[in-house]
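Colleague: I am new to this one. Could you take me through it in questions and answers?

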Number of protein chains: 4
Amino acid sequence: MIIVLKPNLPAREERAVLAEIKRLGYRPHIMRGVSRTVVGAIGDENRHPTLEALRAWPQVESVTPVQKRHKLASREAHPANSTIRVRDVVIGGPEIVVMAGPCSVESEKQLMETARAVAASGARILRGGAYKPRTSPYEFQGLGEKGLKLLAKARRETGLPIVTELLSEDHVELVAEHADLLQIGARNSQNFQLIVAAAKTGLPILLKRGLSMRVEEWLLAAEYVLANGNRNVLLCERGIRTFETYTRNTLDLSAVPIVKRESHLPVVIDPSQGGGRADLVSAFCRGAVAMGADALIIEVHPNPREALSDGAQQLTPAGFAALMDDLRPLATAVGRAIAPPEAPGKPLTRKRVE
Amino acid sequence: MIIVLKPNLPAREERAVLAEIKRLGYRPHIMRGVSRTVVGAIGDENRHPTLEALRAWPQVESVTPVQKRHKLASREAHPANSTIRVRDVVIGGPEIVVMAGPCSVESEKQLMETARAVAASGARILRGGAYKPRTSPYEFQGLGEKGLKLLAKARRETGLPIVTELLSEDHVELVAEHADLLQIGARNSQNFQLIVAAAKTGLPILLKRGLSMRVEEWLLAAEYVLANGNRNVLLCERGIRTFETYTRNTLDLSAVPIVKRESHLPVVIDPSQGGGRADLVSAFCRGAVAMGADALIIEVHPNPREALSDGAQQLTPAGFAALMDDLRPLATAVGRAIAPPEAPGKPLTRKRVE
Amino acid sequence: MIIVLKPNLPAREERAVLAEIKRLGYRPHIMRGVSRTVVGAIGDENRHPTLEALRAWPQVESVTPVQKRHKLASREAHPANSTIRVRDVVIGGPEIVVMAGPCSVESEKQLMETARAVAASGARILRGGAYKPRTSPYEFQGLGEKGLKLLAKARRETGLPIVTELLSEDHVELVAEHADLLQIGARNSQNFQLIVAAAKTGLPILLKRGLSMRVEEWLLAAEYVLANGNRNVLLCERGIRTFETYTRNTLDLSAVPIVKRESHLPVVIDPSQGGGRADLVSAFCRGAVAMGADALIIEVHPNPREALSDGAQQLTPAGFAALMDDLRPLATAVGRAIAPPEAPGKPLTRKRVE
Amino acid sequence: MIIVLKPNLPAREERAVLAEIKRLGYRPHIMRGVSRTVVGAIGDENRHPTLEALRAWPQVESVTPVQKRHKLASREAHPANSTIRVRDVVIGGPEIVVMAGPCSVESEKQLMETARAVAASGARILRGGAYKPRTSPYEFQGLGEKGLKLLAKARRETGLPIVTELLSEDHVELVAEHADLLQIGARNSQNFQLIVAAAKTGLPILLKRGLSMRVEEWLLAAEYVLANGNRNVLLCERGIRTFETYTRNTLDLSAVPIVKRESHLPVVIDPSQGGGRADLVSAFCRGAVAMGADALIIEVHPNPREALSDGAQQLTPAGFAALMDDLRPLATAVGRAIAPPEAPGKPLTRKRVE
């Protein structure tokens with residue numbers, strides 16, 4: 001910690017600060033500058049109590065931590081990129097993994113139709129919400145357990161592993177039984193009890209960034225998973241809240257290189273939530289692929305116009321197929337690959353699971 | 001809903017939009033303007049499915065809801081101010097209720113000393129965190145159940161009802177057993193499962209505003225409590241996230257008159273979290289009182305310099321007493337009152353509870 | 001400056017950083033901590049070139065300035081409150097000065113009617129826009145010079161000094177001839193050429209905060225005035241841009257105590273621009289008075305419904321009179337005063353100017 | 001305009017609103033819904049006075065414009081992409097144009113060295129600041145006219161057209177004499193007097209987005225250029241202000257597809273200002289190219305560590321050359337091209353100008 005003292009401090013006041021630094025287990029190191037005296041507190045900030053309470057002292061102008069607060073999530077602790085396995089799908093390697101499916105699971109027909117379509121176009125993981133967090137209590141809240149069962153059925157039919165949102169500590173057992181990848185949504189990005197409960201299932205976690213979460217806070221939320229013995233965390237950017245009103249959120253693609261720099265964990269982009277508009281999804285995916293994202297998670301609905309949630313941001317199956325065709329050469333140009341589509345008229349060749 | 005169509009739409013395309021509006025149960029009403037055709041969809045937006053999915057239609061430029069989404073929380077539904085009772089303390093009436101106590105419960109000595117001091121200065125409710133949501137997993141997470149028991153003991157000693165944060169669905173029963181007012185923290189402001197579980201205890205709820213929550217979203221979070229049969233919600237502003245870095249958050253005092261205009265629910269201001277600096281608490285409280293806040297929740301610690309959390313923002317008992325003396329004439333000037341201090345040397349006169 | 005080095009740096013790399021620090025005129029002071037080496041660069045940051053370019057060095061993790069960048073504007077440089085004189089009106093003393101008048105000068109009748117009304121209710125300075133910055137080129141841009149002449153006429157009639165916005169370097173001479181206080185608007189808050197030109201007139205400057213200006217940047221904009229030999233700066237908060245859409249801007253009343261702490265310059269609140277809604281003006285003024293603002297600037301129009309700009313935020317003369325009556329006891333409660341209304345039926349008693 | 005009335009309005013009050021709508025030249029069209037009455041005001045919002053002042057009426061709940069406020073800048077008015085010519089360089093066509101050069105012109109040696117290097121690597125326009133807007137009055141403010149002359153000299157040597165910032169109405173003639181493309185900086189993005197003065201030179205304008213400018217406001221600032229008879233506007237995104245502190249600004253790459261959708265004007269990305277960090281420039285450029293940007297403007301300095309401004313964000317000439325090599329295949333993958341580097345050892349082959 002670096003403690004900057006107020007100017008012109010009486011010696012007695014300065015000694016009191018130094019005594020407190022020692023009391024908390026640090027060795028104070030004094031530097032006298034032109035207009036300020038600066039004290040370095042030498043000691044492990046992770047072992048000793050924080051010195052941040054010194055901010056409350058009238059003698060102190062500022063307190064600046066020197067050590068990074070995220071450890072297990074940091075690139076410093078783990079210089080190589082991490083890869084995360086979701087059943088047989090590896091995220092963080094040379095393949096750019098595409099997850100796709102409806103915002104909400106609405107019916108068997110809707111889900112199966114979507115699942116088959118996205119699998120045929122090269123999606124590797126099926127997304128679908130069974131429990132939906134909705135801003136208003138009067139909006140569709142998801143099919144719940146019935147939705148989970150439909151997702152499991154879709155997995156049996158298509159071979160695609162399932163990612164779905166975990167909303168409640170009370171659902172952990174049930175959701176973990178059906179899902180292959182647990183999503184923690186933006187609204188729960190600092191619901192640490194839920195994050196820890198999810199971590200303890202041992203399943204990989206897709207951790208969405210909160211609407212106004214700084215990158216450091218996001219990495220610290222991931223740290224809650226890692227510190228609970230689960231090393232399988234995917235960091236998913238899905239739009240931040242800014243002053244702009246043209247889109248529902250502002251997709252922060254700058255998060256891709258920043259997270260890559262600060263952390264070894266794979267980065268996922270959600271272009272559907274990111275802008276809330278289907279007509280922006282394609283450009284957002286192109287940016288994400290070019291900038292180094294490891295995976296995309298895209299909303300697809302057989303008939304977005306009749307969707308029970310977020311219709312405005314979901315692609316049709318045909319739109320999704322076209323997007324995948326559009327992205328493959330771009331992935332190649334950055335030295336990566338996106339799974340090819342199934343040959344038309346052929347049965348799905350991927351191995352069935354369960 | 002008001003649907004604005006794209007300009008120069010072929011009649012066939014326009015008919016398709018009108019058909020969809022009818023299919024969803026609304027009666028379309030066409031207005032042809034100079035550059036745009038606008039369709040009003042007549043029907044109860046709370047009974048029929050939302051038309052927002054029309055935003056996904058290429059024929060449509062914009063969709064604007066007309067009805068307010070919050071109903072039970074709205075001033076329109078309930079023109080008079082609501083009052084909320086926390087044991088014998090009434091919030092939302094002529095008294096400006098002050099809640100005070102430490103950020104975290106740290107020890108019996110620390111809590112009792114604080115509780116007696118704030119009671120003596122006129123606080124009416126004791127605050128104290130037993131479960132603490134912390135940005136980093138390596139920070140102090142609270143005393144848990146032991147903290148709750150200390151809070152209950154402090155209530156027996158001082159007569160002050162207890163407000164403490166509920167962090168987890170798993171703690172509902174335990175926390176509800178000891179608390180008189182359940183706080184839902186800013187990080188859980190859209191954790192609807194937790195909010196509903198809290199609502200069902202029947203205890204009054206102090207609902208903090210999320211860091212980047214629009215007022216409408218905050219009222220909709222309150223709507224989750226009200227729609228679950230619990231009418232006792234306090235809305236607590238505690239600083240929003242902006243671009244400013246001088247303070248940890250930016251206290252949005254404009255929320256006071258805005259919430260008062262839109263809702264009948266009482267408004268509470270948290271000046272301690274609001275700026276994260278003890279030296280700003282007094283000015284923030286003065287603003288809150290003058291602008292119509294119904295309650296304040298203030299962090300007080302016998303020795304803020306040694307606090308295990310948020311030392312920089314906690315007042316000393318003496319600082320709190322001075323603040324209360326400072327606020328009383330201001331409350332009078334706006335036609336309200338703050339409880340007087342206990343006469344020095346006298347035993348506490350308020351009735352003991354439990 | 002405090003320079004934190006990357007961990008595990010070879011000695012050669014560290015020496016290169018130290019050599020650069022010396023080259024730029026500073027004396028490096030090394031502190032070896034547990035996980036990082038920190039270098040204090042001792043020297044006057046105001047005399048030597050900045051070390052911030054070290055951020056570009058691969059050896060460097062972070063660079064933190066120690067000295068404050070604003071000097072003449074700082075409370076440290078000038079511990080007592082500054083008072084600013086606008087003709088015979090003193091801002092920053094015990095009186096809370098109210099400036100009032102229309103958003104735009106629209107006609108002689110409109111201006112005179114407003115000027116007389118606000119003078120009668122206790123306003124001490126007349127506001128009115130002659131040149132208007134408008135988001136769209138198709139909106140009313142102000143009466144220009146004709147507006148200035150009407151303002152001067154209103155001053156002759158009422159004795160109230162004039163505050164009006166300076167929009168362009170080309171208008172400096174003309175506006176300075178008619179105005180007593182030059183407003184630099186939010187959109188020009190970092191138009192340093194305009195600020196310097198305004199400063200050089202010698203007139204006092206009302207410097208509005210930009211929509212997304214940090215307090216430090218605002219003080220540095222004021223520093224441009226002070227460093228050009230004009231010590232008469234008023235800092236005016238008028239709403240910042242946040243994610244909230246209920247109001248046009250979010251009035252940041254927390255700026256009042258923050259600026260008071262960091263600077264000696266008087267603080268003005270603009271409650272009309274601040275929220276963009278007349279129905280919030282009263283609560284905003286009450287907060288401002290209670291929190292220590294030195295002045296208010298309030299938009300008043302004889303018929304807001306027909307205003308050529310910003311009708312939604314302007315008060316009627318009757319509304320303004322009621323507001324002033326409402327604020328006086330509050331000012332008294334915080335130990336200050338607002339000018340009393342003129343006795344009805346009497347001629348204005350203030351001395352005529354020019 | 002769509003005017004939503006308050007619920008349960010007496011007929012008399014409703015009639016008053018209708019009368020006002022008629023008075024302002026619109027034809028009111030009434031729709032009675034379930035909970036609200038909505039009035040469409042039929043008429044050209046660009047010909048008649050705005051109805052927004054109705055927001056001030058107690059009878060009115062909301063006023064929503066239907067027509068877009070930007071006209072000449074809109075895609076609707078001009079469906080094809082515009083191309084802008086800067087001397088012989090065409091922006092908005094198949095080529096992705098790269099502008100490069102130092103943040104500030106510091107010396108002849110520094111500028112010539114940079115200009116030759118960036119030309120050799122495929123840059124098509126030379127950037128360099130002669131007048132610098134600086135947050136603090138104590139920072140380097142640019143070489144002024146001397147800088148302009150050096151830029152003109154660099155153009156003679158390399159054939160590259162010049163883009164430089166116009167800071168002041170007083171500099172228009174001088175800057176226009178030397179520059180080929182006038183930059184309006186972020187701080188002046190709503191300095192309409194400066195924008196109009198720049199527009200009137202007839203030179204093409206590079207209009208940077210303000211730090212907290214909504215896309216609509218940015219297009220309206222461009223509208224000031226277009227409405228003054230100059231159709232040559234480039235829209236440059238350079239980072240917006242958010243809550244994130246890891247980077248100085250948050251580069252909003254989503255602006256690329258949004259502007260492309262709303263407007264026909266070319267889009268430029270500034271990855272240097274965008275993040276304020278050289279190590280992010282490459283990823284930002286890749287995103288920009290993939291998402292459809294028409295040009296990039298990149299800061300390059302022969303020795304960023306010794307730069308007089310913004311050293312942390314400037315690339316070395318070698319770094320710039322590597323970046324260009326990196327971007328070319330990506331441009332090809334999206335069907336566009338970036339100019340090839342000069343053959344090594346050969347003289348520059350582009351035609352000399354002046």
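Colleague: In this predicted model, in what order do the four strands of the open sheet of chain A stand?
Modeller: The model is predicted. The pairing in this open sheet is antiparallel. Neighbouring strands are turned by 20° against each other on average, direction ignored. The order of the four strands in chain A is β2-β3-β1-β4.

Colleague: Which are the edge strands of this sheet?
Modeller: An edge strand here pairs on one side only. In the order β2-β3-β1-β4 of chain A, that holds for β2 (27-32) and β4 (60-64) of chain A.

Colleague: Over how many bridges do β2(A) and β3 of chain A pair?
Modeller: Strand β3 of chain A covers residues 37-42 and pairs with β2(A) in the antiparallel sense. One of the facing pairs is Met31(A) opposite Val38(A), the latter in β3(A). The number of bridges between β2(A) and β3(A) is six.

Colleague: At about what angle does helix α1 of chain A run to β3(A)?
Modeller: Helix α1 of chain A spans residues 11-23. The helix lies across β1 (2-5), β2, β3 and β4 of chain A. Relative to β3(A), the angle is about 15°.

Colleague: Where does Asn8(A) lie, and is Asn8(A) buried or exposed?
Modeller: Asn8(A) lies in the loop between β1 and α1 of chain A.

Colleague: What is phi of Asn8(A) near?
Modeller: Most residues other than glycine have a negative phi. Asn8(A) is a residue other than glycine with a positive value. In chain B, Asn8(B) also has a positive phi, near 55°, and its place is in the loop between β1 (2-5) and α1 (11-23) of chain B. For Asn8(A), phi is near 55°.

Colleague: How many residues of strand β14 of chain A are buried?
Modeller: Strand β14 of chain A runs over residues 295-299 and is mostly covered. Ala295(A), Ile297(A) and Glu299(A) point one way, Leu296(A) and Ile298(A) the other way, and all are buried. In a regular strand the side chains alternate between the two faces of the sheet. The count for β14(A) is five of its five residues.

Colleague: Which residue of β14(A) is the bridge partner of Val97(A)?
Modeller: Strand β7 of chain A, residues 97-101, pairs with β14(A) in the parallel sense over five bridges. Strand β13 of chain A, residues 267-269, also pairs with β14(A) in the parallel sense, over two bridges. There the partner of Val268(A) is Ala295(A). The partner of Val97(A) in β14(A) is likewise Ala295(A).

Colleague: How far apart do the C-alpha centres of domain 1 and domain 2 of chain A lie?
Modeller: The domain assignment of chain A gives domain 1 as 2-64 and domain 2 as 84-333. The distance between the C-alpha centres of these domains is 45 Å.

Colleague: Which helix gives the most to the side of chain A that touches chain B?
Modeller: In this contact, 38 residues of chain A meet 38 residues of chain B. Helices α5 (192-200) and α6 (215-226) of chain A each supply at least two residues of that side of chain A. By class, the side of chain A that touches chain B has 16 nonpolar, 10 polar and 12 charged residues. With four residues, the helix that gives the most is α6(A).

Colleague: How many residues does the contact take from chain D and from chain C?
Modeller: Chain D is superposed on chain C by a rotation of 180° with 0.0 Å of shift along its axis, at an RMSD of 0.0 Å. The same surface serves both copies, as 100% of the contact residues of chain D recur in chain C. The contact takes 38 residues from chain D and 38 residues from chain C.

Definitions and conventions. Residues are numbered from 1 along each chain as its sequence is written. Chains are lettered from A and ligands numbered from 1 in the order in which they are written. This is a predicted model: local features need pLDDT of at least 70, side-chain atom pairs count only at pLDDT 80 or more; totals for chains, interfaces and linings use all residues. Domain bounds come from an automatic or database domain assignment. Copies are superposed by least squares on the C-alpha atoms of residues with pLDDT of at least 70 in both. Two residues are in contact if their C-beta atoms, placed from the backbone, lie within 7 Å. Two strands pair if DSSP finds at least two bridges between them. Axes are lines fitted to C-alpha atoms, for helices over the stretch in contact, and angles run from 0 to 180 degrees between N-to-C directions. A residue is buried if 20 or more other C-beta atoms lie within 10 Å of its own, exposed if 12 or fewer, and partly exposed in between; C-beta atoms are placed from the backbone. Ala, Val, Leu, Ile, Met, Phe, Trp, Tyr, Cys and Pro count as nonpolar, Asp, Glu, Lys and Arg as charged, and the others, Gly among them, as polar.
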